[in-house]
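Please work through the following exercises with the structure in view. Each task is followed by a solution in steps.

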Amino acid sequence: SGVMQTSADQSGVGVQNYLEKAAQSLKPVVPIKFHISSRTDSGVHALCNSAHLDIQRAPGKPAFQERELVGCLNRHLKPEPIRILSACRVTDSFHARFSARSRTYIYRLLMGCTHHSEIPVFERDLCWAPTGGYLNVPAMQDAAQFLLGTHDFSTFCSLNSETPFRSPVKTILQADIQPSSGFLSHHYEHRGLEFWELKFKSRSFLYRQVRRMVGALVAVGQGKLAPHHIEELLEMKDARALPPFAMAPSSGLFLKSVEY
C-alpha cells in the first residue's frame, strides 16, 4: 500500500522505491525502472497492481525466466508487505499504465461503530467507519446511479499539478454497493458491525476521484445530502462545490484489478 513513488518533498517511501531496490539484485547493466499501472495516494492499498520493466543483462547472459524473476524479487521484498504474483514477457509496445483497458477499485466501509475504538484491531487502516453508525444503503445505491456513464467529473477531482492537463471526462462502467465480510467477522457477529464494499470500474480515474465519490455517497447515507444532490454536484463541474466533509480517507481504498 502507499504511494508508488515519493518525490523529494514527500517523506516516506513508496512501493516503486522498494521494487527498484529489489531489482538491483538482478545485476542489470542499467538501473531498472518500474512503470506502474496506477499511482495511488499514501495510505491506499492494492490487492493487485501491474507494472512493466526492461532488463538489460550483461553481454552473453540469457534472458531471465519468469519464475526466476518472481522468486528473486520476492526474496528481496520479503520484509515488506509487497509480493510479485506473476511475471510474463510482453511486446515493446506494451505499457502498464497506458495499455490498461479498465481499473477496478473497491472501498470498504464499516457500519455500526459509534466510536473509532470499536473498529476491530485487525481492520485498522483497512476500512473507514464513518461517524453515526449505520448508513442508509438504499439511498446510497440510488445516488450511485447518477455516477454511472460518461460525465465531466471536475467536482469529484482534487486539484493537483496534473489537473489542468487532463480531461475531466470519465466513464464509470460500474458503481455497486454490496455487503461484504470483514476479517474473521463471524467471530464477532454479536457486535452488530457490518462491512460494505463500494466497487467502481472505469478505464481511468481522476486524482482522488474514488475517495470523493465515496465521501459524497456516505454523506447521502448519513442524510447530509439527498441522492439527487449527486447529479447536481456533477452538473456544477467545480472541485470547490464538493462539501469538505465529502472526502473519504485513504485507508478504505483498494485497487482490486487492472484489465488489459
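**Exercise 1: Tyr-105**

In this predicted model, Tyr-105 has a relative accessibility of 8% and therefore counts as buried, since the cut-off for buried is under 20%.

Task: Determine where Tyr-105 lies and which residues it touches.

Solution.
1. Tyr-105 is located in strand β4, which covers residues 102-111.
2. Leaving aside residues up to four places away in sequence, the contacts of Tyr-105 include Ser-38, Thr-40, Phe-200, Phe-205, Val-210 and Leu-255.
3. An unreviewed UniProt entry annotates Tyr-105 as "binding site".

**Exercise 2: Helix α1**

Task: State which residues of helix α1 are buried, and how they are arranged.

Solution.
1. Within α1 (residues 15-23), the buried residues are Val-15, Gln-16, Leu-19, Glu-20, Ala-22 and Ala-23.
2. Viewed down the axis of α1, these buried residues fall within an arc of 160°, so they line one face of the helix.
3. Their packing partners are β1 (35-36) and α2 (66-77).

**Exercise 3: Helices α3 and α4**

Task: Describe how helix α3 packs with helix α4.

Solution.
1. Helix α3 (residues 137-145) and helix α4 (residues 209-221) pack at an angle of about 140°, and their axes are 8 Å apart.
2. This angle makes α3 oblique to α4.
3. On the α3 side, the contact is made by Ala-139, Met-140, Ala-143 and Ala-144; on the α4 side, by Leu-217, Val-218, Val-220 and Gly-221.
4. The crossing of α3 past α4 is right-handed.

Methods: Residues numbered from 1 in each chain as written. Predicted model: local features only at pLDDT ≥ 70, side-chain atom pairs only at ≥ 80, totals over all residues. Heavy atoms only, no water. Buried < 20%, exposed > 50% of the residue type's maximum accessible area, 1.4 Å probe, protein only. Helix = DSSP H or I, 4+ residues; strand = E, 2+ residues; numbered from the N terminus. Arc of directions from axis to C-beta. Contact = heavy atoms within 4.5 Å. Axes fitted to C-alpha atoms, helices over the stretch in contact; angles between N-to-C directions. Parallel < 35°, antiparallel > 145°, perpendicular 65-115°, else oblique. Left-handed = near helix turned anticlockwise from the far one by under 90°. UniProt positions renumbered as here; feature names shortened; annotations may be inferred.
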